[in-house]
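Work through the exercises below with the sequence and the model open. Try each task before reading its solution.

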Amino acid sequence: MPAFESDPRVPGGGEPLDFIREIVKRDKLSGLYGGRVVTRFPPEPNGYLHIGHAKSICLNFGVARDFGGVCHLRFDDTNPETEDMKYVESIMRDVRWLGFDWQDRLFFASDYFEQLYGFAVRLIRDGKAYVDSLNEEEIRRYRGGVTEPGRESPYRGRSVEENLDLFARMRAGEFPDGAHVLRAKCDMAASNMKMRDPLLYRIRHATHYRRGGKWCLYPMYDFAHPLSDAIENVTHSICTLEFENNRAIYDWLLDNLFPSQRPHQYEFARLNLDYTVMSKRKLLALVEEGLVSGWDDPRMPTIAGMRRRGYTPEGIRLFAARIGVDKANSRVSMELLENAIRDDLNALAPRVMAVLRPLKVTITNYPEGKVEWLDAPYWPRDIDKGGSRKVPLSREVVIEQTDFLENPPADWIRLRPGGEVRLRSAYFIRCEEVERDPATGDAVGLRCTYDPDSLGKPAKGARKKTTAVQWVSAAHAVKAEVRLYDRLFSVADPESAGDGKSFTDFLNPGSAEIVRGCLVEPSLAGSSPGERFQFLRHGYFVADEGDSRPGALVFNRIVDLKDRYRKHLGKTD
RNA sequence: UGAGGAGUGGUGAAACGGCAUCACGCCUGGCUCUGGACCAGGUUUUCCAGGUUCGAAUCCUGGCUCCUCAGCCA
């Protein structure tokens, strides 16, 4: 059972809680919010969600679930220049696909513009905000530096009346972009740079994807976010570490405007994954420069990419549960993700036979024209599931090129000249002769004999030390294209490679290997896009949602099987 | 050289003054009609230096290293 349904980390469950849940539990027990727990996932609709967001989604929705609370989906859409409805749609799809439900709690910061404006007016009336007319460059200079205090703007002392008038005219569209901004009156000498009179509003004569041309005055994140949380009665506002310094503004605003039962912000470390990048900017660059096929390229760490790759929501949630939540910056190794995906797929994906790089085998003592339809179970005995299909056997079959070696090492358990191996769910065959390309001398086919008495019988003697290989009847095989995906980058941390190099310099050239001419068993002919299988001894595969259709099958490798032998070979060579 | 955070095996986490634990990885062996899964065993850890204490990953002092902040992005 995936972690989602049976997450043991519930309050009072005895299991250790992460520090966020520890806080929520404390607040729930103390009755701080009357026992209410309200979280929110607040994406900006300006890009696609990625695995890092999945961590946050699992946290926010998971905390709400664990403590009998609710989680809102709120779009933080306060920047008209980058946001778009198409992103809103993709984000909603991705959150749903991950298995979370915000029910009727779908919110948009852009719906709060009028209320937000009212809060700004209140701050001005209270003498806690002012209209600044310095230009961008001047504001930067007045702000000072990390070791130098800032200076107060000459406009800081404007009267409440003048500020009110100016602010109203900013809203009315009387000024061009950048002419004025609204700032909080905090402390220009604050050692926390974020508190040097943070900007609250800026003028943008731009069309907002939801509000159209109604506004030309837009709130900044630091203003809109805490107030949106408060408007929605959020209790625990969970965000990533880079907002730690912003918490001072969060608290300043809410202490001034929502003194009781106000939300509090807590920060956790965002996810970093080896061999990929996680920043929206870099992901966008990969898409725009055509270095990947799109946001849903199966190599992308986006939710859309992982979905197309064939990853399961349960597997991703399991991964999120396993990596935990903490405040220490970290970088998670790919194995953790892949193992979680395998874990889920193991009990989910029926076993079928596919030969990626075929080697022809003629069974010389098998009658010409004879076909046997053999029963092949979909599941190994350790999976508690039944069901099977029929696979045809005939005189000519194909096996994997990598399952035959002329001069194998001592621990080889596959086919060799004079050796035996079982065709999975069928008979033992013995390699009697190697057919060679007269020009190159390469093995191009094998002539084998089969043991008609070995069907369904346990292996004995030397046969016990061999394995059972996948195979497909040549006459019945279905052609397929198989896409073998691998890590997108060839270095663990492409973002900090430095030395004038771009992260794109570290793309893994072998991250998408297309193998055509694969032969799969006939039962796969009708597989529908999105169907997942384990190709025996290869890995987990999914019929590609974009390109696969009956008659032109395309399979994506979701993740390969662990392979101790491959590792072992790598070491002894 | 300001402020705010963070340092526990190879990786991610747990232990909340009392035997450093779990998952992943790696290594052995077993089992297997998948060199998968599963089972058994093993490997490796508290940033440094002092201090308090019967006892410190945990408390105190001082260092070191890393991350974040000087967008009218979020």
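A cavity is a set of grid points where a 1.4 Å probe fits but cannot get out, and its lining residues have an atom within 4 Å of a point. Keep in mind that this model is predicted.

**Exercise 1. The domains**

Task: Divide chain A into domains, then describe how domain 1 and domain 2 are placed.

Solution. 
- Step 1. Domain 1 covers 19-273, domain 2 covers 280-346 + 480-568, and domain 3 covers 351-476.
- Step 2. Take the separation and the contact. Over C-alpha atoms, the centres of domain 1 and domain 2 are 35 Å apart. Domain 1 puts 27 residues into the contact, and domain 2 puts in 30 residues.

**Exercise 2. The largest pocket**

Task: Explain why the largest pocket lies between domain 1 and domain 2, and describe its lining.

Solution. 
- Step 1. Find the centre. The largest pocket has a volume of about 1500 Å³. Its lining counts 50 residues, with E44, D76, Y221, E242 and F243 nearest the centre.
- Step 2. Assign the lining to domains. Both domain 1 and domain 2 give residues to it, so the largest pocket lies between them.
- Step 3. Name the elements. At least two lining residues come from each of β1 (38-41), α3 (51-66), α6, β6, α8 (221-231), β8 (236-240) and α10 (280-288). With four residues, α6 gives the most.
- Step 4. Sort by class. The lining of the largest pocket holds 18 nonpolar, 12 polar and 20 charged residues.
- Step 5. Look at the ends of α6. At the N-terminal end, N135 is the cap: a side-chain oxygen sits 3.1 Å from the backbone nitrogen of E137. Just after α6, G144 has a positive phi of about 80 degrees.

**Exercise 3. The RNA surface**

Task: Describe the protein surface near RNA strand B, and say which atoms pair up there.

Solution. 
- Step 1. Start with the nearest residues. Among the 69 residues around RNA strand B, R351, T467, K562, R564 and K567 come nearest.
- Step 2. Sort by class. The surface near RNA strand B has 29 charged, 22 nonpolar and 18 polar residues.
- Step 3. Name the elements. α6 (136-143), β6 (199-203), α12 (313-323), α13 (334-346) and α14 (564-572) each supply at least two of the residues.
- Step 4. Check the bases. A backbone N or O atom of S191 is 3.3 Å from a base nitrogen. An N or O atom in the side chain of N245 lies 3.2 Å from a base oxygen.
- Step 5. Check the sugar side. In N346, a side-chain N or O atom is 3.2 Å from a sugar or linking oxygen of RNA strand B.

Key
Residues are numbered from 1 along each chain as its sequence is written. Chains are lettered from A and ligands numbered from 1 in the order in which they are written. This is a predicted model: local features need pLDDT of at least 70, side-chain atom pairs count only at pLDDT 80 or more; totals for chains, interfaces and linings use all residues. Side-chain values use heavy atoms; hydrogens and water are left out. A residue is near a molecule or strand if one of its heavy atoms lies within 4 Å of it. A polar contact is a pair of N or O atoms within 3.5 Å; within protein, one must be able to donate a hydrogen and the other to accept it, and residues adjacent in sequence count only if both atoms are side-chain atoms. Ala, Val, Leu, Ile, Met, Phe, Trp, Tyr, Cys and Pro count as nonpolar, Asp, Glu, Lys and Arg as charged, and the others, Gly among them, as polar. On a 1 Å grid over the protein atoms alone, a cavity is a set of points where a 1.4 Å probe fits but cannot get out, and a pocket is an open set with protein on both sides within 12 Å along at least five of seven lines; lining residues have an atom within 4 Å of a point. Grid points are joined across faces, edges and corners, and a volume is the space filled by probe spheres set on the points. Domain bounds come from an automatic or database domain assignment. Contact means heavy atoms within 4.5 Å.
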